[in-house]
Amino acid sequence: MEISDGAVRILAGLLEARTGQQLAIGRRWRIDTALRPLIAKHDIPTLDDLVHRIVSGRSAALADEAIEALLNHETFFYRDLNAFRLLDEQGMGRLHAARAGTQRLRIWSAGCSTGQEAYTIAMMIADRPDRWRGWTIDILGTDLSPAAIERAKEGRYSQFEIQRGLPVTQMLRRFDQDGEHWQASSLLRQSVRFRVHNLLTAPPVGMFDVVLCRNVLLYFSPDVRTLVFSRIASAMQADAVLMLGAGETVMGQTDAFVSDFEARGLYRKRIDATAVAAFR
Amino acid sequence: MKTCLVVDDSKVIRKVARHILETLEFTVSEAGDGQEALDSCRVSAPDVVLLDWNMPVMSGIEFLRALGQEEFETRPKVIFCTTENGIAHIRAAIDAGADEYVMKPFDRETLESKFQLVGVA
């Protein structure tokens with residue numbers, strides 16, 4: 001379906017203003033794929049007509065629906081398995097030693113989409129009962145999409161979604177089959193909490209020991225990316241761990257983080273000279 | 001390159017699987033039923049077998065049990081890949097020695113993730 005250049009610019013501008021995400025020219029095809037069901041639902045003849053209605057301000061809900069449709073919710077369980085193994089063995093192992101006194105850990109899955117990443121972390125922890133017995137572990141999943149967060153809370157996945165990355169033994173152990181769907185057990189759902197949050201705004205309250213922000217920042221402009229990195233850093237403990245998506249890096253993006261010299265592939269907050277002096 | 005034996009009585013499924021596997025840089029061979037697959041493994045054991053359930057001559061489960069009786073230097077990993085999606089079927093496959101289970105339909109990312117899980121990616 002045809003869409004004018006002007007309409008594309010308006011949609012791209014709206015998306016970036018609301019979410020920080022950019023709609024690359026090369027992904028123009030995505031507008032058509034994403035918005036076609038929306039115009040069918042509202043019986044709107046063309047994509048240009050949809051944009052006209054949004055711009056006219058007659059329906060704020062329509063703009064919300066368009067933004068929701070343009071967001072990429074791609075995610076799956078244990079995405080980049082080796083990275084999760086590294087986090088489990090090195091990152092979490094180190095934090096286990098560092099927090100032995102308080103036995104408390106806070107984990108933030110930022111941009112968690114429909115929840116698979118947050119549930120992956122919860123399963124990783126559940127798989128090590130000896131390590132984490134007696135600990136209070138708070139796992140928070142956030143995403144700017146209310147629809148994605150509702151799905152995450154429900155923890156109900158299609159057959160196609162459930163097996164993307166999830167070991168079959170975990171599926172049998174921690175999910176219940178419901179026809180063609182599988183739902184996270186109540187125990188697994190209780191171990192994670194979800195809420196709507198926009199990464200362009202102040203981070204959730206409190207300090208985190210582990211933050212996962214994977215395959216989210218790549219949609220942002222360099223300036224927005226730098227801003228979000230600094231917001232995330234402000235919500236992390238000095239020795240906390242940051243996990244990005246495969247192929248993502250902090251290099252050239254921010255001064256707030258450095259590569260974790262003990263666990264290459266993970267990142268830690270940069271401790272500047274003043275802060276180091278303060279520690280001494 | 002890693003080797004994968006695709007076992008399915010549907011030529012179409014074998015073709016689709018072959019296409020995905022070749023993009024994942026596997027060397028692919030094919031078998032139309034469990035017996036053919038067993039014969040193939042005896043000649044040259046692949047790194048991994050992608051196995052359908054319902055097939056003529058010898059089913060996927062029968063193949064898996066027969067494979068368990070064979071001596072290999074390194075036993076091939078087996079990923080069941082089937083439309084049998086009930087818990088009872090999945091448990092039966094795991095109990096019979098399957099390393100992983102893929103429900104049809106699947107895509108490249110799903111298969112790639114399963115290969116990572118069984119250590120052949």
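A residue counts as buried if 20 or more other C-beta atoms, placed from the backbone, lie within 10 Å of its own, as exposed if 12 or fewer do, and as partly exposed in between. The model here is predicted, so local features need pLDDT of at least 70 and side-chain atom pairs count only at pLDDT 80 or more, while totals for chains, interfaces and linings use all residues. Residues are numbered from 1 along each chain as its sequence is written, and chains are lettered from A and ligands numbered from 1 in the order in which they are written.

Q: Why is A:Ser113 called buried?
A: A:Ser113 has 25 other C-beta atoms within 10 Å, and the mark to reach is 20 or more, so buried is the word for A:Ser113. A:Ser113 sits in the loop between strand 1 (104-110) and helix 6 (116-126) of chain A; helices (H or I, at least four residues) and strands (E, at least two) are DSSP runs, numbered from the N terminus. Its phi is near 55°, a positive value in a residue other than glycine.

Q: What makes A:Asn215 partly exposed?
A: Its count of other C-beta atoms within 10 Å is 19.

Q: Why is helix 1 of chain A called oblique to helix 3 of chain A?
A: Helix 1 (residues 5-19) and helix 3 (residues 47-56) of chain A pack at an angle of about 50°, with their axes 10 Å apart. Angles under 35 degrees count as roughly parallel, over 145 as roughly antiparallel, 65 to 115 as roughly perpendicular and the rest as oblique, so helix 1 of chain A is oblique to helix 3 of chain A. Among the residues making the contact are A:Ile10 of helix 1 and A:Val51 of helix 3 of chain A.

Key: Axes fitted to C-alpha atoms, helices over the stretch in contact; angles between N-to-C directions. Contact = placed C-beta atoms within 7 Å.
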